[in-house]
Amino acid sequence: MVFLSYLISGLSLGSVYAIIALGYTMVYGIAKMLNFAHGDVIMVGGYICFIATTNLGLPVWLAVILSMAACTVLGVVIEGLAYKPLRQAPALAVLITAIGVSYFLQNAALLIWGANPKMFSPVVTGTLQLFDGQLTISYVSLLTIAACIVIMIALTLYINKSKMGKAMRAVSEDKGAAQLMGIHVNRTISTTFAIGSALAAVAGVLYCSFSPMLMPTTGSMPGIKAFTAAVFGGIGSIPGAFLGGILLGIIESLAKAYISTNMANSIVFAVLIVVLVVKPTGLLGKYVPEKV
Amino acid sequence: MSKKFEKPKMVPLPSHSIVPERDKDKTPILECQHLGIDFGGLRAVYDLNLAMGRTEIAGLIGPNGAGKTTVFNLLTKVYQPTRGTILIDGVDTAGKTTAQISRMGVARTFQNIRLFNNMSVEDNVKVGLHNQEPYSMLSGIFRLPSYWKREKEAHEKAMDLLGIFHMQDLADAKAGSLPYGAQRRLEIIRALATNPSLLLLDEPAAGMNPSETAELMENIIKIRDTFQIAILLIEHDMNLVMGVCEGICVLNFGEIIAKGTAEEIQSNPVVIEAYLGKKKEA
Amino acid sequence: MKNGKKINSAVLKDYLTYAAVALAFVVITILDKQGFINNSTRGLLVPICCYIVMAVSLNLTVGILGELNLGHAGFMSVGAFSGVVASLSLAEAIPNPVIRLAIAMLVGAAFAAVVGLLIGLPVLRLRGDYLAIVTLAFGEIIKDLINALYVGQDSAGLHFGFNFRNNISSINDLHMEEGAKAIIKGAQGVTGNEKLATFAAGFVLIMITLFIVMNLVRSRAGRAIMALRDNRIAAESVGINVTKYKLMAFAVSAALAGAAGALYASNYASVKASTFDFNQSILILMFVVLGGLGNIRGSIVAAIVLTILPEALRSFENLRMLIYAIVLILVMIATNNPRVKTLISCIIPKKKGGPANE
């Protein structure tokens, strides 16, 4: 029973990672860049939801939508101002720019909202008691898992069925060829950033519902973890990001409970290293041999 | 147009390959037996049997996608063969890495040129001399006497090798900034720097004009004569193949469909069919 | 053509680099003696030296070998803590601070090199972003391990313990004799460290680093490493052992970072593992990228400028990191966007012999 409760908390933590990792992996698949600022968009999403509920007194659902809208705009603006001029630049230059954006968001948040942590109140409260109270599951956990599944299904449908989804797949395969086929590459990339950032806002709200201390640096750790999750599952692969996120959450939760609290992060990273050494492109990543 | 080079008499070996008569009593430099590789169910190369004399210039030809470059990748262990054996100078290469194959005396060039683009022309050749002029990392860092001696030798050898194609003046240029033809020549020089006994050239004449190709043909013969090595080349330019190759091997769908001298190959109906398609039966 | 004439331009540049660093050292020392340097700037001297060494050594992996390393601070951390253990445990045996600092840096370099080899062996077959994430992971693991590490010393020697399951809450749990000395106290790190570091030591370490890295690059091994960066398959085809040279670059880079870590740690009274986190790795990576990949002199300049810049912006208070971030983004766009680059070259006439590979 105790095991089950750890498993469920791992599952819900993993769902948050999965949602963030989806954004990471989509952006990577299309723009071939590691968007290190993605984690900080989560933090912004958290803050906006916090302000909307606490200061403006808006209902939670409206606050979440507002936060998603704001992050979508933020994502598109970041892409347009910082990343678009670097489309032809070497990957490392884009990486450093992403780090610059990350610094910018953190310090802007510091100026606007201050360094003191804000206490984020969960979007839903209460718990579900099962087996005569032996198993307690918070509604936030259930909501997170449900949200992750819905997002995963919606995203898969969108990528596979919609016209924009087809454009995304084409751009991620071959930017040049997609352009020749009349696909608006820049618009496709912007859309990807918009979707990824909206997902980050959702993840931010859910993440803050678990660990309610909201600070300008809140986004870094889940950002790194989600990046790990994306690589774990095979970066660029959407089911991979989902699987990687869920597994990472479960491993972290179980490691914390049964092995060592201090080393939980390390155990997650160690598992990642072992997986990559055995399978160098992640669990679901495609191995593309170099053409000689 | 192109100069005719004198062709030797070709004699058969017990392994059903032909080699020039002058090489027949020596161990073949290369011998493939039942060589094959599959890529996830696709039979890229199948049952390839081939032998080359120690100073032979041989051609590997065939339509696009026939598996010619795959054969080179097998010979240099870029791919591990699924079946069969490769003997270099009579030594089995099973389990060897690409780097070890180089040390066994096989050097190659690439279809899509692979130079060290950010390094100078001279340094590209010096990388080729890596195993010819060895000294330890520590003597490199602390500039011990072996460093000075080996570096001096490497410099002289590099200049000599660049001299083959009259490229000494370009020694300080960045390899990536060279024009196309010069890049192809530099690749050959880099390969020669490893002191090979078998040189594999993957489409050396690609992108060259007829006069450059004619010069290349002379150089291929010159390289063989100077270094006394075997050369196996993949080429689509039939003037070049028929002009310099002593033995020719035709590959189609990963299988050898014909082996022989230039004259034999040119008149072989199977080869004509592979290149031009089947004549419609009336 | 004579050999002597050929070597010139590259070797001359190396000598100029040594000369410039030496000159800077002399000038700063004289200025300091004359009282022109205020305390806060003086406090930056040793860290700047460390960052220069970190940047140059990371450039060996990222610029020369061409593999992205997001965990370089991990090697710094290993060097810092092993160096501190060495210097504190030898405090009685070797009273001379200069010798002790030298030993600390050597120990730091050796431990970091060993860790570099241990990490490199399994992971160097990974490529690109996958290798990057694994180095990030190792950096975090090293941080966690050192956070859990307790080291103490008594007459029997050194005692080690890892606090994995809250089994160690203080140094007393290492079961040592009465009056034992605590060296590393878990997450608290090292407190009561002796400040051994001097600007002169930093200068010497920079010169050693430059000597090793620049000589390596101009030797057979350095060419092999650069060949791997430019074209791995071609490098293998001319007989270069990929694993050997990747490991070599990785280990040399780690060793130098370890020495820099030891120097860095001996500049402060207390040292924590959390100092050497992911952000630290990224900071050093930033020096390397802004200074130019493979450009040793660029790394030095970037390390100096980017360490001083946040301090120089101190008068802007809260805005300084924001300005720093904007400057960073603008610099990346200015140096990498083709249109902006053309614009800049129209305004400022380009120097002769600019980047040839553009």
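**Figure 1. The hairpin of strands β11 and β12 in chain B of a predicted model.** In this close-up, B:Leu251 has B:Ile256, in β12(B), as its bridge partner. Strand β11 (residues 247-252) of chain B and strand β12 (residues 255-260) of chain B pair in the antiparallel sense over 5 bridges, where strands are DSSP runs (E) of at least two residues, numbered from the N terminus, and two of them pair if DSSP finds at least two bridges between them. The hairpin has 2 residues between its strands, and B:Phe253 takes a positive phi near 50° there. Residues are numbered from 1 along each chain as its sequence is written, while chains are lettered from A and ligands numbered from 1 in the order in which they are written. Because the model is predicted, local features need pLDDT of at least 70 and side-chain atom pairs count only at pLDDT 80 or more, whereas totals for chains, interfaces and linings use all residues.

**Figure 2. Positive phi at B:His34 and B:Asp47.** B:His34, placed in strand β3 (residues 30-39) of chain B, has a phi near 50°, a positive value in a residue other than glycine. B:His34 is exposed, with 12 other C-beta atoms within 10 Å; a residue is called buried if 20 or more other C-beta atoms, placed from the backbone, lie within 10 Å of its own, exposed if 12 or fewer, and partly exposed in between. B:Asp47 lies in strand β4 (residues 42-52) of chain B and, although not a glycine, has a positive phi near 45°. With 15 C-beta neighbours inside 10 Å, B:Asp47 counts as partly exposed.

**Figure 3. Helix α10 of chain A.** Helix α10 (residues 238-259) of chain A has 22 residues, which at 1.5 Å a residue should span 32 Å, and its end C-alpha atoms, 30 Å apart, agree with this; the expected span is 1.5 Å times one less than the number of residues. Helices are DSSP runs (H or I) of at least four residues. Of the 22 residues of α10(A), 17 are buried, so the helix is largely enclosed by the rest of the structure.

**Figure 4. The fold of chain C.** Chain C contains 13 helices and 3 strands. Its radius of gyration, taken over C-alpha atoms, is 22 Å, close to the 21 Å that the globule rule gives for 358 residues, so chain C is as compact as a globular protein of that length; the rule is 2.2 Å times the number of residues to the power 0.38. Buried residues make up 48% of the 358 residues in chain C.
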